[in-house]
Amino acid sequence: MHGISVAPAVELLGIHKFYGDFHALRGVDLSIARGEVCVAIGPSGSGKSTLLRCINQLEMISAGQVRLSGVLQGYRELDGRLHELSQRQISEQRRRTGMVFQRFNLFPHMTALQNVIEGPVQVRRQPGRQARERGMALLERVGLAGLGDRYPNQLSGGQQQRVAIARALAMDPEVMLFDEPTSALDPELVGEVLDVIKDLARAGMTMMLVTHEIGFAREVADHLIFMDNGVVVESGKPQDILTNAREARTQAFLSKVL
Ligand code: ADP
Ligand code: MG
């Protein structure tokens with residue numbers, strides 16, 4: 001797998017997800033190239049979070065394949081058959097993606113810096129000093145230089161979300177997944193978080209982002225998908241979809257949010 005690799009950073013093939021009898025994802029295909037930003041929009045309940053959770057194996061898919069840089073996730077192919085990986089192997093694979101949620105989920109009893117270095121120290125056994133230096137550089141990267149000693153309750157929502165982004169970056173993910181990262185924020189704090197995400201995009205990070213910030217989607221997305229009812233209804237360049245949606249369902253959704 002070394003040398004020239006043409007495999008997409010993220011490849012979803014025929015993904016289905018059932019929660020019990022409920023068919024939440026009904027055959028999703030998607031490809032995200034390295035360095036590309038894919039934004040998913042769509043009504044509540046359409047399966048956007050489920051899709052992100054399937055990409056990083058917080059949910060097991062019911063059918064289909066997830067590949068990251070060509071590598072099958074959750075299974076191993078042997079003699080043409082699929083074998084489930086162990087929990088430990090799945091946890092290892094999960095580190096290839098960094099997830100940022102709507103709620104920041106920081107550890108309340110740890111400082112910002114401790115939150116950022118927890119994974120590198122506990123999981124990757126990085127020496128403390130090295131982890132702290134890297135952690136401070138990451139906090140600086142998200143605009144929080146000097147705030148490493150603050151506890152989450154001493155930070156604004158926008159600052160907490162930026163710590164959460166630094167924490168995800170600390171594990172050196174190949175792909176960053178954002179699930180409505182600004183939905184829980186006061187309006188005046190949205191911009192500072194979107195700016196950090198924009199910087200990551202500019203730096204070439206491969207990302208998939210669920211958001212209701214349509215203006216931001218237009219600006220940052222290489223590729224926009226509109227989901228409804230567990231399927232990707234429409235997929236393409238943001239300017240095409242946002243100004244010239246082909247599907248009635250997309251048009252109806254956009255007429256409500258634009
Ligand atoms: P979105 O993020 O687009 O709002 P979700 O992926 O959260 O949508 O949910 C898609 C559908 O799956 C919804 O109808 C939701 O109620 C259902 N769903 C999500 N998670 C679960 C779960 N753990 N158990 C049962 N149903 C779920
Ligand atoms: Mg959701």
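1. A cavity here is a set of grid points where a 1.4 Å probe fits but cannot get out, and its volume is the space filled by probe spheres set on those points. The model is predicted.

2. The lining of the largest cavity consists of Val-116, Ile-117, Pro-120, Gln-126, Ala-131, Arg-134, Gly-135, Leu-138 and Ala-170. Two elements, α3 (112–122) and α4 (128–141), each give two or more residues to this lining. The most comes from α4, with 4 residues.

3. By residue class, the lining of the largest cavity has 6 nonpolar, 2 polar and 1 charged. Arg-134 belongs to this lining, and Arg counts as charged.

4. The largest nonpolar core holds 51 residues. Those touching the most other members are Val-39, Ile-165, Met-176, Phe-178, Ile-197 and Met-207. Helix α6 (residues 187–202) supplies the largest share of this core, 8 residues.

5. Which residues does Ile-197 contact, leaving aside its neighbours within four places in sequence? They are Ile-165, Phe-178, Pro-181, Met-207, Leu-209 and Phe-216. Among these, Ile-165, Phe-178 and Met-207 are also listed with Ile-197 as touching the most other members of the largest core.

6. There is also a second, separate core, of 24 residues. Its members include Leu-12, Leu-68, Val-175 and Val-210.

Note on methods:
Residues are numbered from 1 along each chain as its sequence is written. Chains are lettered from A and ligands numbered from 1 in the order in which they are written. This is a predicted model: local features need pLDDT of at least 70, side-chain atom pairs count only at pLDDT 80 or more; totals for chains, interfaces and linings use all residues. Side-chain values use heavy atoms; hydrogens and water are left out. A nonpolar core is a set of buried Ala, Val, Leu, Ile, Met, Phe, Trp, Tyr and Cys residues joined through side-chain atoms within 4.5 Å. Buried means under 20% relative accessible area, exposed over 50%, partly exposed in between (1.4 Å probe, protein chains only). Contact means heavy atoms within 4.5 Å. On a 1 Å grid over the protein atoms alone, a cavity is a set of points where a 1.4 Å probe fits but cannot get out, and a pocket is an open set with protein on both sides within 12 Å along at least five of seven lines; lining residues have an atom within 4 Å of a point.
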